[in-house]
Amino acid sequence: MAAVSGLEGVFDIGSPIFRAENSVSTRHLTEFTGIDVEVAWIFETMEIMKIEEGMMIYALGKLEPFKDEVKKLFDIELTTQPTIKYMTLDEAKSVLRENKVSFAKKDDDLSDEDERMLYQILKTDLIYSMNI
């Protein structure tokens with residue numbers, strides 16, 4: 001609504017959001033804090049995706065001072081400068097087919113396992129899916 005009133009960009013880090021459905025997925029939390037991004041005069045999907053990419057790179061970069069502590073506590077390497085790949089759902093499926101991955105789901109979406117395989121194949125930190 002604020003974008004309609006003449007503000008070019010509005011960001012809202014909202015209060016907790018709760019999903020009503022029974023979530024049995026590694027990619028959907030039942031409770032989370034959302035970030036809403038509203039930008040006026042966006043004509044291409046890639047424009048908003050680049051804004052979101054910048055937000056992710058900035059946020060992850062701010063975690064740099066905590067890398068050693070995260071490694072010590074959780075035994076994981078924290079990515080603060082992510083590699084990013086943009087692709088359509090059809091391109092993602094093509095990559096999986098080329099690598100002999102049989103789809104766990106038969107509908108238009110990828111399963112959690114399909115997504116894990118895609119990350120392993122592409123060896124990238126973030127994959128932005130377009131034209132779903």
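Partly exposed describes a residue whose relative accessible area lies between the buried limit, under 20%, and the exposed limit, over 50%. The views below show a predicted model.

View 1. Glu53, by contrast, counts as buried because its relative accessibility is 15%. This bridge is one of 4 salt bridges in the structure.

**View 2. Lys71, Asp75 and Glu77 are joined into one salt-bridge network.** Lys71 meets Asp75 through their side chains, with an N to O distance of 3.1 Å. Asp75 is exposed, at a relative accessible area of 57%. Lys71 also meets Glu77 in a salt bridge, here at 3.4 Å from N to O. Glu77 is exposed as well, with a relative accessible area of 60%. Shared partners link these bridges, so that Lys71, Asp75 and Glu77 make one network. Lys71 itself counts as partly exposed, at 32% relative accessibility.

**View 3. Leu73, Phe74 and Ile76 make a nonpolar surface patch.** The patch has an area of about 340 Å². Leu73 is located in helix H2, which spans residues 67-74. The relative accessibility of Leu73 is 56%, so this residue counts as exposed. Nonpolar side chains in soluble globular proteins tend to be buried together. Among the elements of the protein, H2 has the highest mean pLDDT, 95.

**View 4. Tyr86 and Tyr128 form an edge-to-face aromatic pair.** A pair of aromatic rings is described by the distance of the centres and the angle of the planes. The count of aromatic pairs comes to 1. In the pair of Tyr86 and Tyr128, the distance is 5.2 Å centre to centre and the angle between the planes is 75°. Tyr86 is in strand S3 (residues 84-88) and Tyr128 in strand S4 (residues 126-130), so the pair ties together parts that lie 42 residues apart in sequence. Tyr86 is buried, at a relative accessible area of 17%. Tyr128 is also buried, with a value of 14%.

**View 5. The largest nonpolar core has 9 residues.** Its members are Met87, Leu89, Ala92, Val95, Leu96, Val101, Leu110, Leu118 and Ile127. Helix H3, made of residues 89-98, gives the most to this core, with 4 residues. Another core, of 5 residues, lies apart from it and includes Met49, Leu126, Tyr128 and Met130. In the protein as a whole, 23% of the 132 residues count as buried.

**View 6. Lys100 and Lys123 have positive phi values.** Most residues other than glycine have a negative phi. Phi of Lys100 is near 60°. Lys100 is placed in the loop between H3 and helix H4 (112-122), and is exposed with a relative accessible area of 74%. Phi of Lys123 is near 55°. Lys123 belongs to the loop between H4 and S4 and counts as exposed, at 69% relative accessibility.

**View 7. Ser15 and Thr33 are 6.0 Å apart in space, C-alpha to C-alpha.** In sequence, Ser15 and Thr33 are separated by 18 residues. Ser15 lies in strand S1. At 55% relative accessibility, Ser15 counts as exposed. S1 covers residues 9-18 and has the lowest mean pLDDT among the elements of the protein, 73. Where pLDDT is low, the predicted coordinates should not be read in detail.

**View 8. The protein has 4 helices and 4 strands.** From the N terminus on, the order of these elements is β-β-α-α-β-α-α-β. The mean pLDDT of the protein is 82. A pLDDT of 70 or more is reached by 83% of the residues.

Notes
Residues are numbered from 1 along each chain as its sequence is written. This is a predicted model: local features need pLDDT of at least 70, side-chain atom pairs count only at pLDDT 80 or more; totals for chains, interfaces and linings use all residues. Side-chain values use heavy atoms; hydrogens and water are left out. Patches are made of residues with over 30% relative accessible area and no salt bridge: like charges are joined within 9 Å, nonpolar side chains (Val, Leu, Ile, Met, Phe, Trp, Tyr) within 5 Å. Accessible areas come from the Shrake-Rupley method with a 1.4 Å probe; for residues, only the protein chains shown count as cover. Helices (H or I, at least four residues) and strands (E, at least two) are DSSP runs, numbered from the N terminus. Buried means under 20% relative accessible area, exposed over 50%, partly exposed in between (1.4 Å probe, protein chains only). pLDDT is the predictor's confidence in each residue, from 0 to 100. A nonpolar core is a set of buried Ala, Val, Leu, Ile, Met, Phe, Trp, Tyr and Cys residues joined through side-chain atoms within 4.5 Å. Rings of Phe, Tyr and Trp (its six-membered ring) pair if their centres lie within 6.5 Å; planes under 30 degrees apart count as stacked, over 60 as edge-to-face and the rest as tilted.
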